[in-house]
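Please examine the sequence and the fold shown below before reading on. The paragraphs that follow lead through the structure step by step.

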Amino acid sequence: MLEMFSQYAPDDVVVVHQKGELTRHEFRKLVNLRVSRYTELQLEPGARVLLLLPNSLELLVSYYACIAAGLVAVPVNVRMSISEILRVAEHAGPELVVSSEDSATRLELVEFFQECEVDVLENLQDQLGSIADAAVDDVVWPALHPVAIFYTSGSTGNPKGVVYSHKTLRQYSKMMQAQFGLDSSDRSVVCHCLAQNFGFAQLCVPFLDGGGSVHIVDFASAAQTADALASAVTFLRLVPWFAPELLQYCLENDVEAPLLRTVIIGGDRVQKRIFELCRKALGI
């Protein structure tokens, strides 16, 4: 999953986020930085890392650092309650928690997290200037080596951990690229939860893997998503509860999406009026 760093131009912008943008080379430097931290902590391949981060550059870098180091990312939706987060943590058994400052503050009184190593990640991009270009050797992990555990919504009981392997992510990538004809000119906007499987496996991996890019915005932010659409975004995935809010915002603010060519609306029942609103607001 790391071939993209050597297959495509290092100076291409591949990540746009709330605080700036990164080239492929800069993105790799931040991944290397986190891999070095995992090495410092002596985490063995297969160790689980709980990622308690909002939609952010820090979460995307953490995913890819786990991939590079052979660790298992366990992303958690930061909007979950403390008891829900604790249930996932106790089940997954992480050796490291990677958290934002806000989430770390919420968890400081929970005994479980007092006994686990906790790294607080904020403003990773600000560290670029102090990172050397030292290379980290890429390890080719077996196809079935686990790379992430995504927990289900829990609508039919307690959330269940679903293991994704390197092969799972590669197949997702190939499927999305074939289904939608994705290439290096494509950019997705991640406006839903990056800690969920489709946020990462469908809206990040296929685009970065194919030489394209991603634009990360705050969860369900109509304004930030509209700004992304007005720039270089070509691919938009919406769920029915958020679609009307975004599309109405685009209509009311005369938002144009000049490069947008694919919109997916799904995950629940979609009323016909939402598709009609999409055509009216975005012309697609």
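A residue is called buried when its relative accessible area is under 20%, exposed when that area is over 50%, and partly exposed in between, with a 1.4 Å probe and protein chains only. The model is predicted, so that local features need pLDDT of at least 70 and side-chain atom pairs count only at pLDDT 80 or more, while totals for chains, interfaces and linings use all residues. Residues are numbered from 1 along each chain as its sequence is written, and side-chain values use heavy atoms, with hydrogens and water left out.

With a relative accessible area of 16%, Ala220 is buried. Its place is in the loop between strand 10 (213–216) and helix 10; helices (H or I, at least four residues) and strands (E, at least two) are DSSP runs, numbered from the N terminus. Most residues other than glycine have a negative phi. Ala220, however, has a positive phi, near 55°. Asn123 also has a positive phi near 55°, and lies in the loop between strand 6 (117–120) and strand 7 (146–151). Is Asn123 buried or partly exposed? Its relative accessible area is 32%, and Asn123 is therefore partly exposed.

Gly20, in strand 2 (residues 20–23), counts as partly exposed at 25% relative accessibility. Leaving aside neighbours within four places in sequence, Gly20 is in contact (heavy atoms within 4.5 Å) with Val15 and Gln125.

The interior comes next. In soluble globular proteins, nonpolar side chains tend to be buried together. A nonpolar core is a set of buried Ala, Val, Leu, Ile, Met, Phe, Trp, Tyr and Cys residues joined through side-chain atoms within 4.5 Å. The largest such core here has 59 residues, of which Phe27, Tyr38, Leu60, Tyr64 and Phe200 touch the most other members. Helix 3 (residues 57–69) gives the most to this core, with 11 residues. A second, separate core of 26 residues includes Leu238, Leu260, Leu277 and Cys278.

Two helix pairs remain to be described. Two packed helices are described by the angle between their axes and the distance between the axes. Axes are lines fitted to C-alpha atoms, for helices over the stretch in contact, and angles run from 0 to 180 degrees between N-to-C directions. Angles under 35 degrees count as roughly parallel, over 145 as roughly antiparallel, 65 to 115 as roughly perpendicular and the rest as oblique.

The axes of helix 10 (residues 222–229) and helix 11 (residues 243–252) come within 9 Å and cross at roughly 60°, and the two helices are therefore oblique to each other. Residues of this contact include Ala222 and Leu229 of helix 10 and Leu246 and Tyr249 of helix 11. By class, the contact residues are seven nonpolar, one polar and one charged; here Ala, Val, Leu, Ile, Met, Phe, Trp, Tyr, Cys and Pro count as nonpolar, Asp, Glu, Lys and Arg as charged, and the others, Gly among them, as polar.

For helix 11 and helix 12 (residues 272–282), the axes come within 9 Å and cross at roughly 30°. Helix 11 is therefore roughly parallel to helix 12. Leu247 and Leu251 are among the residues of helix 11 that meet helix 12, where Leu277 and Cys278 are among the partners.
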